[in-house]
Amino acid sequence: MDYDVEKAKRLIEEREEIDRQLVAIFSGGASKARAAQKCSKCGKEGHTARTCTDAEGGGVSA
Ligand SMILES: [Zn+2]
């Protein structure tokens with residue numbers, strides 16, 4: 001059985017390039033879609049953990 005190593009390398013390089021483009025798309029889209037931000041502290045939408053006011057009470061447990 002012959003392994004087409006060169007083709008495999010090319011495909012891997014293509015996949016990595018696609019991954020880079022996907023990361024660029026998602027990271028760029030995330031910065032544009034600020035309206036859909038979700039807080040990681042309380043889980044509520046509309047603000048982020050940085051601007052969360054619920055955490056100041058200290059009663060939030062995940
Ligand atoms: Zn919050």
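Biologist: Leaving aside neighbours within four places in sequence, what is Lys38 in contact with?

Modeller: Gly43, Lys44, Glu45, His47 and Thr48, where contact means heavy atoms within 4.5 Å. Bear in mind that this is a predicted model, so local features need pLDDT of at least 70 and side-chain atom pairs pLDDT 80 or more, while totals for chains, interfaces and linings use all residues. Residues are numbered from 1 along each chain as its sequence is written, and side-chain values use heavy atoms, without hydrogens or water.

Biologist: How do you know whether Lys38 is buried or exposed?

Modeller: Its relative accessible area is 53%. Buried means under 20%, exposed over 50%, and partly exposed in between, with a 1.4 Å probe and protein chains only. Lys38 therefore counts as exposed. Lys38 is in the segment after H1, and its C-alpha is 8.0 Å from that of Ala49, eleven residues away along the chain.

Biologist: His47 was on that contact list. What makes His47 buried?

Modeller: A relative accessibility of 18% puts His47 in the buried class. His47 is also in the segment after H1. Not counting residues up to four places away in sequence, His47 touches Gln37, Lys38, Cys39, Cys42 and Cys52.

Biologist: Which residues are the protein donors of the zinc ion, and what makes them donors?

Modeller: Cys39, Cys42 and Cys52 through SG, and His47 through NE2, at 2.1 to 2.4 Å from the zinc ion. A donor is an N, O or S atom within 2.8 Å of the metal (3.2 Å for Na, K and Ca); water is not among the atoms, so sites may look incomplete. These four meet the zinc cut-off, so they count. Their spacing in sequence reads C-x2-C-x4-H-x4-C. One of them, Cys42, is partly exposed, since its relative accessibility is 23%.

Biologist: Why is the arrangement around the zinc ion called tetrahedral?

Modeller: The four donor atoms subtend angles of 103 to 120 degrees. Four donors count as tetrahedral if all angles lie between 85 and 135 degrees; square planar (four) and octahedral (six) need opposite donors over 155 degrees apart and all others between 65 and 115, and anything else is irregular.

Biologist: What makes a stretch a helix, and how many helices does the chain have?

Modeller: Helices are DSSP runs of H or I with at least four residues, strands are runs of E with at least two, and both are numbered from the N terminus. The chain has one helix and zero strands. H1 covers 5–32, and Asp54 is among the residues in the segment after it.

Biologist: Which residues make the nonpolar surface patch?

Modeller: Ile18, Leu22, Ile25 and Phe26, giving about 420 Å². Phe26 lies in helix H1 and is exposed, because its relative accessibility is 62%.

Note on methods:
Patches are made of residues with over 30% relative accessible area and no salt bridge: like charges are joined within 9 Å, nonpolar side chains (Val, Leu, Ile, Met, Phe, Trp, Tyr) within 5 Å. Accessible areas come from the Shrake-Rupley method with a 1.4 Å probe; for residues, only the protein chains shown count as cover. A salt bridge is a side-chain nitrogen of Lys or Arg within 4 Å of a carboxyl oxygen of Asp or Glu.
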